[in-house]
Amino acid sequence: MFKILILEDDLILLKTLKDVLCKNHYQVDLAHDLNRAEQLIADNDYDLLIFDRLVNNEDSLEFLEALRADQTFIRVLIISQKKLIDDRLLSLKVADDFLAKPFVIKELLLKVNNLLSRSKYKLEENGDFQLKTFALFALSTMARVNALSNVMWKQIDFEKILSFVRKTI
């Protein structure tokens, strides 16, 4: 199940978004200010952030820029009433997608689905490839799937998989 953090200062919209996303089988955490969002991000691994651009008169873009500098991969959808092309372009320098308020729930769900369909991987300093649901440990022919069970491959198959993963980065 994908885990989503929503940052929104409109409490009615925040609850509505949570209800809709939970009904569509997403796990959802909520924040109504940037401090709470920062705490939740520090304590959790989110698959997607849905952030209002302006939260309690603070622009979330600076926070997201700093977050992107710290994290190798994070998916971000900005929702905002700032719909002018310059505002959209500025948002898209930091975010993966943009949705102008007011919006249709079907469009939001489509954007969420599209963003979550992208793979999530991270190259560790030791050369291991860490993927959200799969990790290859380059020192052996073992992989850990969903951090629960080990899978063993023949050396030749493992080298082919490792080569493929390296080429996709």
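The crossing of helices α2 and α3 is right-handed, a term for a near helix turned clockwise from the far one by less than a right angle, anticlockwise being left-handed. The contact is made by Leu-34, Glu-38 and Ile-41 of α2 and by Ser-60, Phe-63 and Leu-67 of α3; contact means heavy atoms within 4.5 Å. These residues divide into 4 nonpolar, 1 polar and 1 charged. Here Ala, Val, Leu, Ile, Met, Phe, Trp, Tyr, Cys and Pro count as nonpolar, Asp, Glu, Lys and Arg as charged, and the others, Gly among them, as polar. Helix α2 spans residues 34–43 and helix α3 residues 60–70; their axes come within 11 Å and cross at roughly 20°. Axes are lines fitted to C-alpha atoms, for helices over the stretch in contact, with angles from 0 to 180 degrees between N-to-C directions. The two helices are therefore roughly parallel (under 35 degrees; over 145 is roughly antiparallel, 65 to 115 roughly perpendicular, the rest oblique).

The model is predicted, with local features requiring pLDDT of at least 70 and side-chain atom pairs pLDDT 80 or more, while totals for chains, interfaces and linings use all residues. Residues are numbered from 1 along each chain as its sequence is written, and side-chain values use heavy atoms, without hydrogens and water.

The crossing of α1 and α5 is right-handed. Leu-17, Val-20 and Leu-21 of α1 meet Ile-105, Leu-108, Leu-109 and Val-112 of α5. The contact of α1 with α5 holds 7 nonpolar residues, no polar and no charged.

Arg-53 lies in the loop between β3 (48–52) and β4 (54–55). Arg-53 is buried, with a relative accessible area of 3% (buried is under 20%, exposed over 50%, partly exposed in between; 1.4 Å probe, protein chains only). The side chains of Arg-53 and Ser-91 are joined by a polar contact of 3.3 Å. Such a contact is a pair of N or O atoms within 3.5 Å; within protein, one must be able to donate a hydrogen and the other to accept it, and residues adjacent in sequence count only if both atoms are side-chain atoms. Leaving aside residues up to four places away in sequence, Arg-53 touches residues including Glu-58, Asp-59, Asp-87 and Ser-91.

The chain has 6 helices and 12 strands, DSSP runs numbered from the N terminus (helices H or I, at least four residues; strands E, at least two). Buried residues make up 38% of its 169 residues.
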